[in-house]
Amino acid sequence: MRCRLFLAISTVLMGLWSCVAFATTVLEKSFPDLVHEADTIVVGTVAAIESGGQTPPRTLITFTDLDVLKGNPQDELTVEVLGGPAPDGLRLHIAGVPEFHLGDRMVVFVVGNETQAVPFVGMWQGVYRVVRDAETDTEVIADHAGQPLTAFPQRSQRGIVHDGEPSRQAQTGPALTLEAFTQSIVEELQGGK
């Protein structure tokens, strides 16, 4: 009887375990952290997204129409990210890796390209979207999830963040313009660390 009860409980627990969604937890990054930890910072447009039959699966995201703010001047940048379709038909997805779509205009803070699983400073924290504000007809900055950025990233007392959490920034006031954001990056680089 005990053996059957144990098996029944084990089966239920294993079933529940398989339904658990895992999250990614990373160290929280401030704006200066993003700027100084990045090897390369670019504003660019997603021109290609390629996934092949590698094991483990990797996705190559190519940015063109670049404005290089930090790093070597180049015409295009291809970033290699762990994840994508596997040869066996399954798909590897890492929680916290931002989604990219052809034509997206982005600001990316890249570190350890081709050596790190997710080569963005602080994973999603190093990816920003450039969107057009319909009211002002200007390009503004949004976080990786599309939430308008109204203040520069700061560190909280916790020091860690989880993917899927709402933005830590107070969403009051107008969104930062692309021009103000990139100018702040240049000024941070000139100030040194």
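In the predicted model, the side chains of Asp-104 and Arg-129 meet in a salt bridge with an N to O distance of 3.0 Å, where a salt bridge is defined as a side-chain nitrogen of Lys or Arg within 4 Å of a carboxyl oxygen of Asp or Glu. This pair links distant parts of the chain, since Asp-104 belongs to the loop between strand 6 (91-92) and strand 7, whereas Arg-129 belongs to strand 8 (residues 127-133), 25 residues apart. Helices (H or I, at least four residues) and strands (E, at least two) are taken here as DSSP runs, numbered from the N terminus. Asp-104 counts as buried at 17% relative accessibility, and Arg-129 is likewise buried, with a relative accessible area of 14%; buried means under 20% relative accessible area, exposed means over 50%, and partly exposed lies in between (1.4 Å probe, protein chains only).

Because the model is predicted, local features need pLDDT of at least 70 and side-chain atom pairs count only at pLDDT 80 or more, while totals for chains, interfaces and linings use all residues. Residues are numbered from 1 along each chain as its sequence is written, and side-chain values use heavy atoms, with hydrogens and water left out.

The structure holds 5 salt bridges, and one of them is formed by the side chains of Glu-80 and Arg-58, at 3.2 Å from N to O. Glu-80 lies in strand 4 and Arg-58 in strand 3, so this pair ties together parts that are 22 residues apart in sequence. Glu-80 is buried, with a relative accessible area of 18%, whereas Arg-58 counts as partly exposed at 24% relative accessibility. In general, side chains of opposite charge can pair when their charged atoms come close.

Strand 3 (residues 58-70) and strand 4 run antiparallel and are joined by 6 bridges, where two strands are said to pair if DSSP finds at least two bridges between them. Within this pairing, Thr-62 has Thr-78 of strand 4 as its bridge partner. The hairpin made by strand 3 and strand 4 has 6 residues between the strands, and in this hairpin Gly-71 takes a positive phi near 110 degrees. Strand 4 (residues 77-82) is mostly covered, with 5 of its 6 residues buried.

Arg-105 is partly exposed, with a relative accessible area of 21%.
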